[in-house]
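This briefing concerns aromatic contacts, strand pairing and a surface patch. Please view the structure below alongside the points that follow.

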Amino acid sequence: MTMPPHGTARPGRGPADQRDPLYVRVILGLYPPRWRERYGDEFAVLLTDLTAGASWPARVRLIADAITGGVDARRRRQGDKATPGRVRGWITRTARAALALLGQRFVYPLYTSRLRGQLAGGPLPRHVGIIMDGNRRWARQQGLASPSLGHKYGAEHAEEVLGWCEKAGIRHVTVFMCSAENVARRDSDEVAFLMRVIEELVAGRLTRDPAWQVHIAGNLDVLPDSTARALKQAVEASRDCATGRHVTLAVGYGGRQEVIEAFRSLLYEHAERGTTLIELAETITADDVARHLYTAGQPDPDLVIRTSGEQRLSNFLLWQSAYSELYFCEAYWPAFREIDFLRALRSFAARHRRYGR
Amino acid sequence: MAERTTTNDLGRWSDPPLLVLASLADGPKHGYAITLDVAAQTGVRLGPGTLYGAIGRLEERGLIEALPPRQRRRPYRLTAAGEQALADSAQRMRQVADLGLSRLAVARTPS
């Protein structure tokens, strides 16, 4: 299901906005998250307004109606195809929704806080690289109209995951949004859509209310002008971000290309200084190359997370990930939950890092 | 009623969406204003779940569109397709109403 424009006023709105009375928050919890993000705010206001002056029987009626709406929205999310009148199917779906709800509301928060407790005081990666893989497969699995739509959910999810990193105290994050090969190969409609999604993402909170200083990794020249512009704007807007947090967006990025570009720039630098190739060959060090990478000045990633079960680096941070711990997660990117993220951190904390020694 | 397959048909869920469309016909309104207007004009009290069920479906079908929210309220307005759908439905209802009323009048006329 595509969500109409004018997205959420506050991204990632959960069921719990402290401004709303408890019963409104509980009822909102019955609605699917996507619905809540889109309509939650206005719905909460309406429900509060309507019940405020109403008699008790009228309140009961209003609340019953609001609850029915939630069940309806959940069922609709699972596809309009559901044949009406199939009572057993309905019961199964409702029971499943109720179980999922129970999990979301009680089990999941408990487990999340337990995981957080386990992480407290342990080693934390300074820099996390994320390969957000599986958007298209997720969209197909969800029965969305077009697999490309998965990218939209994926980008929104990236913003949420940044929030988790913030909460966990991670100060450097690099997100692999799209590879140089993606830009070159996929059919142009899909790339165009992906680019628009990326533009929307960076024009959003990353530019308007920067909590992260934005860096770009990748060749802006291969991107559409509007995308390159949006990315540059985000870099400009967040330049003075004082939080000490850095997010690098890898767009049109390839690790080999990056290393080649770094060498090229190193060679130009020395050519201008008049260094001979022989001199350069004798003196060149790994640090010389690192200074010319897109990620110059940032620590190398300690942990690289890849979703969707694929166990490859796929040309991501080729140079920088030499000593990174790798963590693979089965979930498709949009379905990657905070507990998956915390598990990755826990796994990192439990490993003994050797740096090749 | 025979099933219709035209795209603008409002289907089984016709009632509340039709009320919402009718309410928006004279200008954009947010959720609360729609419930007040519908209650005042037709006596139907739309509950919040019903209202947003209708709004969601109408928006998905491109019959209404959201305007930027003011505070936490978001006004909606009819799209061109929405106006057309409302006009079509109202036209059909008028035909049925005319038919019913005229035949009742004939039946009641003393011969």
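The points below are grouped by topic and describe a predicted model.

**Aromatic pairs**
- Over all chains, the structure holds 15 aromatic pairs.
- One of them is A:F43 with B:Y52, an edge-to-face pair with 5.7 Å centre to centre and 80° between the planes.
- This pair crosses between chains, from helix α2 (residues 33–52) of chain A to helix α3 (residues 48–60) of chain B, and both A:F43 and B:Y52 are buried.
- The pair of A:F176 and A:F316 is stacked, because the ring centres are 4.8 Å apart and the planes lie at 15°.
- A:F176 belongs to strand β2 (residues 172–179) of chain A and A:F316 to the loop between β5 (303–306) and β6 (325–328) of chain A, so the pair ties together parts 140 residues apart in sequence.
- A:F176 counts as buried at 7% relative accessibility, and A:F316 is buried at a relative accessible area of 0%.
- A:F43 and B:Y52 also belong to one aromatic cluster with A:Y31, A:W35 and A:Y39.

**Strand β3 of chain A**
- Strand β3 (residues 213–217) of chain A is largely enclosed by the rest of the structure, because four of its five residues are buried.
- Five bridges join β3(A) to the parallel strand β4 (residues 246–253) of chain A, where A:V247 stands opposite A:V214.
- Together with helix α10 (residues 225–237) of chain A, β3(A) and β4(A) make a left-handed β-α-β unit.

**Surface patch**
- A nonpolar surface patch is formed by A:L99, A:L102, A:F106 and A:V107, with about 440 Å² of accessible area together.
- A:F106 is located in helix α4 (residues 87–119) of chain A and is exposed, with a relative accessible area of 54%.

Terms used:
Residues numbered from 1 in each chain as written. Chains lettered and ligands numbered in written order. Predicted model: local features only at pLDDT ≥ 70, side-chain atom pairs only at ≥ 80, totals over all residues. Heavy atoms only, no water. Patch = residues over 30% accessible without salt bridge, like charges linked within 9 Å, V, L, I, M, F, W, Y side chains within 5 Å. Areas by Shrake-Rupley, 256 points an atom, 1.4 Å probe, with all protein chains shown as cover. Salt bridge = Lys/Arg side-chain N within 4 Å of Asp/Glu carboxyl O. Helix = DSSP H or I, 4+ residues; strand = E, 2+ residues; numbered from the N terminus. Buried < 20%, exposed > 50% of the residue type's maximum accessible area, 1.4 Å probe, protein only. Pairing = 2+ DSSP bridges. Right-handed = clockwise from strand over helix to strand, strands pointing away. Phe/Tyr/Trp six-rings, centres within 6.5 Å; stacked < 30°, edge-to-face > 60°.
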